[in-house]
Amino acid sequence: MSTPVNLAAALALDETKVTPGLLGFIVFAALGVATWFLVKSMNKQFKRVDFVEEPEAPKE
């Protein structure tokens, strides 16, 4: 049978120094850019809305 291996000990990682690194930055930047494009598109769609509020019917 195989014995369980502690991955952190096998790779000699210091848990206090682990950071997201380049991949974390790229994902965060991609989310920011996607959000910017979504907000820009939403504003363009809101400008196209032609809403005319109809007057309320008089109460009887």
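The model is predicted: local features need pLDDT of at least 70, side-chain atom pairs count only at pLDDT 80 or more, and totals for chains, interfaces and linings use all residues. Residues are numbered from 1 along each chain as its sequence is written, and side-chain values use heavy atoms, with hydrogens and water left out.

**Fold and burial**
- The protein chain holds two helices and zero strands (DSSP runs, H or I of at least four residues for helices and E of at least two for strands, numbered from the N terminus).
- Of the 60 residues in the chain, 0% are buried (under 20% relative accessible area; exposed is over 50%, partly exposed in between, with a 1.4 Å probe and protein chains only).

**Surface**
- Carbon and sulfur atoms contribute 66% of an accessible surface of about 6,500 Å² (Shrake-Rupley method).
- Valine 49 follows helix 2 (21–48) and is exposed because its relative accessible area is 54%.

**Aromatic contacts**
- One aromatic pair is found in the whole structure (ring centres of Phe, Tyr or Trp, the latter by its six-membered ring, within 6.5 Å; planes under 30 degrees apart are stacked, over 60 edge-to-face, the rest tilted).
- Tryptophan 36 and phenylalanine 37 are edge-to-face because their ring planes stand at 70°, with centres 4.9 Å apart.
- Phenylalanine 37 counts as partly exposed, at 48% relative accessibility.

Notes:
Areas by Shrake-Rupley, 256 points an atom, 1.4 Å probe, with all protein chains shown as cover.
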